[in-house]
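Please examine the model shown here. The explanation that follows considers how its chains meet and how one of them is divided.

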4 protein chains.
Amino acid sequence: MAYRDEKLDEEKVFKDPVHRYVHVRDRVIWDLIGTREFQRLRRVKQLGTTYLTFHGAEHSRFSHSLGVYEIVRRILENFRDHKDWNEDERLLSLCAALLHDLGHGPFSHSFEKAFRLDHEDYTQSILLGDTEVNRVLSGVEEGFPKKVADVINKTYTDKLVVSLISSQIDADRMDYLQRDAYFTGVSYGHFDMERILRVMRPLEDQVAIKESGMHAVEDYIMSRYQMYWQIYFHPVTRSAEVILSKILKRAKELYKNGYEFELKPVHFFSFFEEAPSLEEYLDLDENVVMYYFQMWIREKDPILSDLCERFVNRKLFKYIEFNPNLQMNAWRELYDLFEEAGVDPRFYLEVDSSSDLPYDFYRPGEEGERLPIHLLQPDGGLKELSRLSEIVESISGKKRTDHKLYFPADTIEQISDEKTKQRIKGILYGREEQ
Amino acid sequence: MAYRDEKLDEEKVFKDPVHRYVHVRDRVIWDLIGTREFQRLRRVKQLGTTYLTFHGAEHSRFSHSLGVYEIVRRILENFRDHKDWNEDERLLSLCAALLHDLGHGPFSHSFEKAFRLDHEDYTQSILLGDTEVNRVLSGVEEGFPKKVADVINKTYTDKLVVSLISSQIDADRMDYLQRDAYFTGVSYGHFDMERILRVMRPLEDQVAIKESGMHAVEDYIMSRYQMYWQIYFHPVTRSAEVILSKILKRAKELYKNGYEFELKPVHFFSFFEEAPSLEEYLDLDENVVMYYFQMWIREKDPILSDLCERFVNRKLFKYIEFNPNLQMNAWRELYDLFEEAGVDPRFYLEVDSSSDLPYDFYRPGEEGERLPIHLLQPDGGLKELSRLSEIVESISGKKRTDHKLYFPADTIEQISDEKTKQRIKGILYGREEQ
Amino acid sequence: MAYRDEKLDEEKVFKDPVHRYVHVRDRVIWDLIGTREFQRLRRVKQLGTTYLTFHGAEHSRFSHSLGVYEIVRRILENFRDHKDWNEDERLLSLCAALLHDLGHGPFSHSFEKAFRLDHEDYTQSILLGDTEVNRVLSGVEEGFPKKVADVINKTYTDKLVVSLISSQIDADRMDYLQRDAYFTGVSYGHFDMERILRVMRPLEDQVAIKESGMHAVEDYIMSRYQMYWQIYFHPVTRSAEVILSKILKRAKELYKNGYEFELKPVHFFSFFEEAPSLEEYLDLDENVVMYYFQMWIREKDPILSDLCERFVNRKLFKYIEFNPNLQMNAWRELYDLFEEAGVDPRFYLEVDSSSDLPYDFYRPGEEGERLPIHLLQPDGGLKELSRLSEIVESISGKKRTDHKLYFPADTIEQISDEKTKQRIKGILYGREEQ
Amino acid sequence: MAYRDEKLDEEKVFKDPVHRYVHVRDRVIWDLIGTREFQRLRRVKQLGTTYLTFHGAEHSRFSHSLGVYEIVRRILENFRDHKDWNEDERLLSLCAALLHDLGHGPFSHSFEKAFRLDHEDYTQSILLGDTEVNRVLSGVEEGFPKKVADVINKTYTDKLVVSLISSQIDADRMDYLQRDAYFTGVSYGHFDMERILRVMRPLEDQVAIKESGMHAVEDYIMSRYQMYWQIYFHPVTRSAEVILSKILKRAKELYKNGYEFELKPVHFFSFFEEAPSLEEYLDLDENVVMYYFQMWIREKDPILSDLCERFVNRKLFKYIEFNPNLQMNAWRELYDLFEEAGVDPRFYLEVDSSSDLPYDFYRPGEEGERLPIHLLQPDGGLKELSRLSEIVESISGKKRTDHKLYFPADTIEQISDEKTKQRIKGILYGREEQ
């Protein structure tokens, strides 16, 4: 039998807290899960620094990837007999679902910004490079790795397949909303996925939702909205990310300046040069990063040492509301005062805006955005969701930005110059008290 | 106000998926959570290698410790007005609950066996040594750290306090059963804790359960029984532990033999000498261990490299049922055949017996065991649970041992001498097929 | 000890699927639950005819009333130490919570419309009249029954107490949303009540919500919105209500016309006269109504018999979208055609509009409405919810009406005059097909 | 297309709180659900008088029947490709599952005992008599109603089909355990049905369970055990049943004695004669029974009136532990004292033993019992569950009887002869206090 059609002797099941069971029948899928590149996802947390805010959020991208695969598997089971679904695309869709996050590195967002990387490029490299994953995929048929890469890259010709993984109501989001809600323990994030799967219909170039399922979809959009504000944009999580960015920035600066590390950051060298090879990229998982951070606590550079201590032992920065556009003067003054007090503002003062984060709750029709949700009318026509739903209309396309100023409250308390200290505190806390 | 009575301005809450919220009002508790020794528990998994079997089991001892604290907090809220409860012991009980697992190292069981350590000794050291935790506890009153240590060590005079943390139905077990069930996703592990908390009664030297709550307790014991067989003794988890032990054994042997490591295992030196200092012990968390394992894949020693590759990328050993007492000849023959084939049996062949594991589902009255469960009769008398419950009686004290033989199935396939290979396979698989 | 302060020897608990346990310590509450007027609520379904759409919705107003009591009990436990809460109002609040639905009759909405009754009047009568409930309440103190009646009637002077039972986020709604979701089995209707209870703050004249709890409240409002469209306004439920109304209308008409019933509707006489005494009102629960309906299937009046058969054996009317304002001519023509065909349109044709139903999802500031939700700012100020929440703003005050035309599809099939039948079907179904 | 193969244009779904959705594709099933005999099950509670103990237990046999159907549907979906399953039996199995409880009357157990009826006989009559159900089934093929009746009667030749509905682990039990747990709100009753369905294997004459699923089955048996003691045998529920039986006994006695009822119990006449016709049987649902009970509160016979008042308004009998075999003298004395005091002991004194109830938690191999559970070994052999499971062994076949003596505590308080009263109270309560 051709490898692409090969089935396991007996179905394998993974016990999954979100979907109860993840079912695997295809040998290709089973082999992919066993590759070192896929196993590596166990060492990258799904929610980065969120575990420092919600202690349950220790789950990895490994379980999320299995979850996305399982959702697509269930969708395709429902599609099997639909005329608009091409069963030949089944294995391709499953592989793309399973592997869509393969390129994520440690604490993705912060690392990508600090070293100007893009995890999507690395997903492509892993699929197409000299990897175990590539060898498994190549066994299916010539050009199969490229097909998988194209689906994940949204350039594949069959847009229906693309939309399973990447649209406003794709398997990726349906999994992470439920999974992140489950592990953090919040009550948001629940919606009736079983119902949504039942009202999905394959069209030529996208998945549409039967109009009778509109309320279930509204509920899904609301879950997303709530999860973003309650979990993904949480200011404490962002505080940890600020510190993380500062550590990377400091380490790189020290490296560029020829600083002698006690523990040479060999894993980081190519990152500092902004040109890690694929192998170097894969080597740097969160265990390795955390190993360095723990070691660096003992470095003699006081800034690197302090920031690592803060991250590892969760001595985070405090924050206040702060609008950089309206409070430019206060910002400048603070910056100067920090310098005066010997607290380097480049590492100890930061404005973070939630709108920088790569999340949206629902934006139909924006340039380069994911496909919006279309409702299938009884007469076969399509209508975009926000045109039919008042609730979705009310939140779609709106950009709600939340600016926070982060700073080390404990360090400020230790500033020896009393006047400078009081002035800093006046700016930071005075605003709130007056 | 005395530090021991100090309350936070506003109650702090942790969102917890198992108990919904963990509530903190006492400043002492809040400060303890912030110490580096307690934060370190985020880097030690609650279930060791179980995440390689149940992918959801990535939760840490940090969240478990918060959970045990929360359960004791709720128990004591119910006890407040009981004449047999001494409210002065409240803070002590909460501290002991929070800190009872403080000494756990990475992958506890395997490490303790390999290096002849005992996590309980380290818990004592952390409480009484030069640590942040000790400084917080010392602020309560002189001798307070010792009191906490005594409660955890079960030598404290007030046995009622001890039994909250350590008995057959203590807060420790009630948390881990529910938490491990939640994160693995199995349906066992659920019982009606709310009901159990309501029927707990403080007596002079223990917590008793009102007889009317017997069925809830039976359900708890059954959950425990199911969890042990379904989760804690799972043969795949044990396969990973076997490999882990072999890695440690190999590294130590190489070290003793003067092998030149590419990456010197500085963190391990004192462990190899079986005498880590407190600081060295605390430094070695699971991130650090995993860092070494990943690096060692590139060591030139083929055994160390192979075993690390297996652990990191989950290429585990296979297993068969095997009773070492009845199959001694087979064992000897296998051992010799492995040697002949150049597969070192000291590292590639292992019999693992579940009964070695430090778990019991319910054993009343055994030497050195935890206090059994006593039911409080309407007339004020006490009866041991298994005397009233047929179900509990049926499983109590029974030792069900499950022996497995672990081996590298893939390596065996690559043995070049065909005859030796076939003989090995005959012994391993033949038994099952005939 | 005064009766008002009397506690039960041992707390009583009711196992409740929604709140896990309902706790009773006060003898007054215990005695009220035991009265025949309260027990009668077991014989009135919480959701009227909804069980014919969602088969799980067989729960009664009895369990809902216990639930509302339990929520208020938990709120007051949190309020205990707040300066703005008067602990003397505790028992009053609990009684009002427990008894707020006491006057509901069978299939409330339809009955009230058919016989021009108001269940709120009957609640007042039961509290103040010659009843077991009144005797229990009178034991608390003189004038206590009147106080309870005033709270339920929203005329009590302490508006804070009133708002617990009757506001946009009162215990009544929090219970029924969760309870109705639980019993119907829909996934909407869940929100984080525990969080909401924690952010409620007693003010002089209302309960406010700390601003940090806004997202939890948004989620509650969204649940409400979803429940109304998915459950409360469900067109099949309304079909059953249409039939119910027609039965009552027909029975009354027959009675007025001197028709000789085989089974005299003695329980209904005073209702037909629109003047039931309190005793007569209490006698007519849903069992009694259903008894008559079953008996009336055998009445010789074909309309009464047919309608009862439809209700009892769930042979409901079908429906189409129909806007009476725009389709007046179609309506008139249908009416005439029904008459021609011998199908009395007064009983077999009905336009039902969801906006007639006494539900709103959120309307701040309308005349005579329940108090809107106020968020308590950090500075102590209050802001109305929809001014801070875009989502709530988007749905507040909007009246979304859904009109349906109900008719007996099976009866139409049996019309002997082929032309009339085709004309009727053309009007009913043609619109949809063309 | 033949009626037996006819599918609905679009699948119908029922929202079900236990199984999430019940799916119907077959027209035959849809038509059966619409029959008046099946709709009648909405008016018979699943758990009889249990709602007086657990207020959530108001669910009907209607929803249970849908649930059993859905479980069998899911089992058969898994069986589809197994060589030992005959797909021709599919519709038969589904019909039998749906209709297996069709003959249940109001408060089944008490009524059957009082009037010497057997609901199984009535199920047969409904299937084979002049009913809507029979007409639907007859449309499938000649003799089909008889086939369905045989499956339910366990006399059908294909024992595999029988075992789906009636064995120690059939769809009937799997539904009611979960459903009753859900509606009462207890935490017992949960087990991993999804897992059990996955390990079920069709054999020639029964459904077997793969040995790897043993722990899931143990959990199911434990759930059953807990549910019986916590829910089904609850002494308060039995108190209500005692009163119910006494009402029926009194009404029958009065009828036999020529008593003039104010409200003639026309629905009961044929029951009193122990010969209700099928039509008479179907007429007497729980609404009708409750109607009579409410009316009879106003009958002049003081015993009938009092007992009905007790049942309707939940003024139940109290109970004590009482072993009739050991306490025969006490029983005789009480009986005499009641007579002396003018409290008729035939209606006010009753010993009820739980072992009389038609439940068993697990009894392999008893005469006339349901098929025991067989585990399918890897080698294809079968072993009975209790031979492999120590826990199941510990409870199987054991008859645990629980005797209670029921009496009206309030009436006893009103006995005017002080000495008799004290003597009665001495016997009833003295035993416990001394």
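**The interface and the domains**

In this predicted model, 28 residues of chain B are in contact with 27 residues of chain A, two residues being in contact if their C-beta atoms, placed from the backbone, lie within 7 Å. Local features need pLDDT of at least 70, side-chain atom pairs count only at pLDDT 80 or more, and totals for chains, interfaces and linings use all residues. Residues are numbered from 1 along each chain as its sequence is written, while chains are lettered from A and ligands numbered from 1 in the order in which they are written.

On the side of chain B that touches chain A, two or more residues each come from β1 (7–16), α2 (36–39), α3 (61–79), α10 (171–184) and α16 of chain B. Helices (H or I, at least four residues) and strands (E, at least two) are DSSP runs, numbered from the N terminus. The most is given by α16(B), with five residues.

Helix α16 (residues 286–296) of chain A packs against helix α16 (residues 286–296) of chain B at an angle of about 115 degrees, their axes 8 Å apart. Axes are lines fitted to C-alpha atoms, for helices over the stretch in contact, and angles run from 0 to 180 degrees between N-to-C directions. A:N287, A:V288, A:M290, A:Y291 and A:Q294 of α16(A) make this contact with B:N287, B:V288, B:M290, B:Y291 and B:Q294 of α16(B).

Chain A itself is divided into domain 1 (3–233), domain 2 (247–313) and domain 3 (317–362 + 399–434), with bounds from an automatic or database domain assignment. Between domain 1 and domain 3 of chain A, the C-alpha centres lie 38 Å apart.
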